[in-house]
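Visitor: Please show me the model. I have a few questions about how it packs.

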Amino acid sequence: MLSESWTGAPQGEAEVREQLSDANPASAWYWGDYVLDPARRRPTCKGEPVEIEDRVFDLLALLLQRRERPLDRQEISAAIWGKRPVSDATLRQLVYAARRAVGDDGESQHTISTLYGRGLQWVAPL
């Protein structure tokens, strides 16, 4: 579970990454052929590593940790970038990279779903 400070004011990137990595350090998430291990900060598919950027990992971990509800743009931006302003194009690229990393795209949203007017939500069963 996330610490209480997570829901407070936006933090710096290092603090966010530490919280995402430490949120559940003893376990990993498993869905389909994929595993996301917070300790390694890289997903694997069928045992092979999936190369992703740190922020893509942060988004995947955030969506997994809060999978019970959709996350809007402001919440994602604050969690990943803290107080730094982020363009919509940058956020779209991050979502695109996260979807590619888990075998989704804009059409087939088996893992990360866009709920129009509400945000993004993790939908793959764990």
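Visitor: How are α2 and α4 oriented to each other: roughly parallel, roughly antiparallel, oblique or roughly perpendicular?

Guide: This is a predicted model, where local features need pLDDT of at least 70, side-chain atom pairs count only at pLDDT 80 or more, and totals for chains, interfaces and linings use all residues. Residues are numbered from 1 along each chain as its sequence is written, and side-chain values use heavy atoms, without hydrogens and water. Helix α2 (residues 54-65) packs on helix α4 (residues 88-101) at about 75 degrees, axes 9 Å apart. Angles under 35 degrees count as roughly parallel, over 145 as roughly antiparallel, 65 to 115 as roughly perpendicular and the rest as oblique, so α2 and α4 are roughly perpendicular.

Visitor: Which residues of α4 does α2 meet?

Guide: Contact means heavy atoms within 4.5 Å. By class, this contact has seven nonpolar, no polar and one charged residues. From α2 come Arg55, Val56, Leu59 and Leu60; in α4 they meet Leu94, Val95, Ala97 and Ala98.

Visitor: At what angle do α3 and α4 pack?

Guide: Arg73, Ile76, Ile80 and Trp81 in α3 meet Asp88, Thr90, Leu91 and Leu94 in α4. The axes of helix α3 (residues 73-81) and α4 lie 11 Å apart, and the angle is about 80 degrees. The two helices are therefore roughly perpendicular, at about 80 degrees.

Visitor: What percentage of the protein chain counts as buried?

Guide: Buried means under 20% relative accessible area, with a 1.4 Å probe and protein chains only. The protein chain has 126 residues. The buried share is 44%.

How values were computed:
Axes fitted to C-alpha atoms, helices over the stretch in contact; angles between N-to-C directions. Helix = DSSP H or I, 4+ residues; strand = E, 2+ residues; numbered from the N terminus. Nonpolar A, V, L, I, M, F, W, Y, C, P; charged D, E, K, R; others polar. Buried < 20%, exposed > 50% of the residue type's maximum accessible area, 1.4 Å probe, protein only.
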